[in-house]
Amino acid sequence: MAGAVAPGLRTGTWSHSPDSFARSFANAVPRAESDHLLATHGIPSPARPLFQAAFAGVAPHSEARVDTRRERGPLLLVAGGRDRTVPEAAVRGAYRIQRRNPGETELVTFPDRGHSMGADSGWAEVAHTALDFLVRNGVGARAAASRS
């Protein structure tokens, strides 16, 4: 159990070291870029949401539990093939669960990308993929403009 491994982390804050960030979060970019990302965007944050997400499937009243039968809008799941923080297999598992919902559900995998894909030098490809998904599903300003 994670709480036993890191007492106090469940209610405290946590921050990556440059090595842990490069190894687990920004592992698909050069070390210099990883260090820059951490220096410009890294902040200590509460660890509680990570514990809530980790135990959502077994905690009966978890704040992170998701009702997959509930009506929702389009959902795009994005996986990085080199992501060590949320591995592609975990995102595929979430996709298998979410595709049962009648709402539009898609999975896109970027095989050579890590967890930092939304902020690192390749962010534009990820952003364009997300925007295209929204337009195809009639969501957002570009979709509204194309309907005019």
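These are my notebook entries on what I looked up in a predicted model of one protein.

**Entry 1: ground rules**

I take the model as predicted, so local features need pLDDT of at least 70 and side-chain atom pairs count only at pLDDT 80 or more, while totals for chains, interfaces and linings use all residues. Residues are numbered from 1 along each chain as its sequence is written, and side-chain values use heavy atoms, with hydrogens and water left out.

**Entry 2: overall layout**

I looked up the secondary structure and found 7 helices and 4 strands. Helices (H or I, at least four residues) and strands (E, at least two) are DSSP runs, numbered from the N terminus. Along the sequence the pattern reads α-β-α-α-β-α-β-α-β-α-α.

I then looked up burial. I call a residue buried under 20% relative accessible area, exposed over 50%, and partly exposed in between (1.4 Å probe, protein chains only). Of the 148 residues in the protein, 24% are buried.

Next came contacts, where contact means heavy atoms within 4.5 Å. I noted that, among contacts with a separation of 6 or more, 63% come from residues 24 or more positions apart.

**Entry 3: salt bridges**

How many salt bridges does the structure hold? I found 6. A salt bridge here is a side-chain nitrogen of Lys or Arg within 4 Å of a carboxyl oxygen of Asp or Glu.

I looked at Arg31 and Asp19, whose side chains meet in a salt bridge at 2.9 Å, N to O. Arg31 lies in helix H3 (residues 31-41) and Asp19 in helix H2 (residues 18-25), so this pair ties together parts that are 12 residues apart in sequence. Arg31 is partly exposed at 38% relative accessibility, and Asp19 is partly exposed at 44%.

Arg31 also forms a salt bridge with Asp35, with the closest N and O atoms 2.7 Å apart. These two residues are 4 residues apart in helix H3, which means a separation of about one helical turn. Asp35 is partly exposed, with a relative accessible area of 32%.

I looked at one more pair, Arg113 and Asp120, whose side chains meet in a salt bridge at 2.3 Å, N to O.

Which residues of H2 are buried? I found Ser20, Phe21 and Ala22. The buried residues of H2 pack against H3.

I followed Phe21 further. Not counting residues up to four places away in sequence, Phe21 touches His16, Ala26, Ser34, Leu37 and Leu38. The largest nonpolar core has 5 residues in all: Phe21, Ala26, Val29, Leu37 and Leu38. A nonpolar core is a set of buried Ala, Val, Leu, Ile, Met, Phe, Trp, Tyr and Cys residues joined through side-chain atoms within 4.5 Å.

I then checked Ser116, which lies in the loop between E4 and H6. Ser116 is buried at 4% relative accessibility. Leaving out residues up to four places away in sequence, Ser116 touches Phe25, Ala26, Val29 and Leu37.

**Entry 4: helix H5**

I looked up the buried residues of helix H5 (residues 88-98) and found Val91, Gly93 and Gln98. Seen down the axis of H5, they fall within an arc of 155 degrees, so they line one face of the helix. The arc is that of the directions from the helix axis to the C-beta atoms. Their cover includes strand E3 (75-80) and strand E4 (105-110).

**Entry 5: Arg48**

I found Arg48 in helix H4 (residues 48-54). Arg48 is partly exposed, with a relative accessible area of 47%. Arg48 and Trp14 are 34 residues apart along the chain, and their C-alpha atoms are separated by 9.8 Å.

**Entry 6: the surface**

The protein exposes about 9,700 Å², and carbon and sulfur atoms supply 57% of it. Accessible areas come from the Shrake-Rupley method with a 1.4 Å probe; for residues, only the protein chains shown count as cover.

Which residues make a nonpolar surface patch of about 190 Å²? I noted Leu131, Leu134 and Val139. Patches are made of residues with over 30% relative accessible area and no salt bridge: like charges are joined within 9 Å, nonpolar side chains (Val, Leu, Ile, Met, Phe, Trp, Tyr) within 5 Å. Leu134 is in helix H6 (residues 123-136) and counts as partly exposed at 30% relative accessibility.
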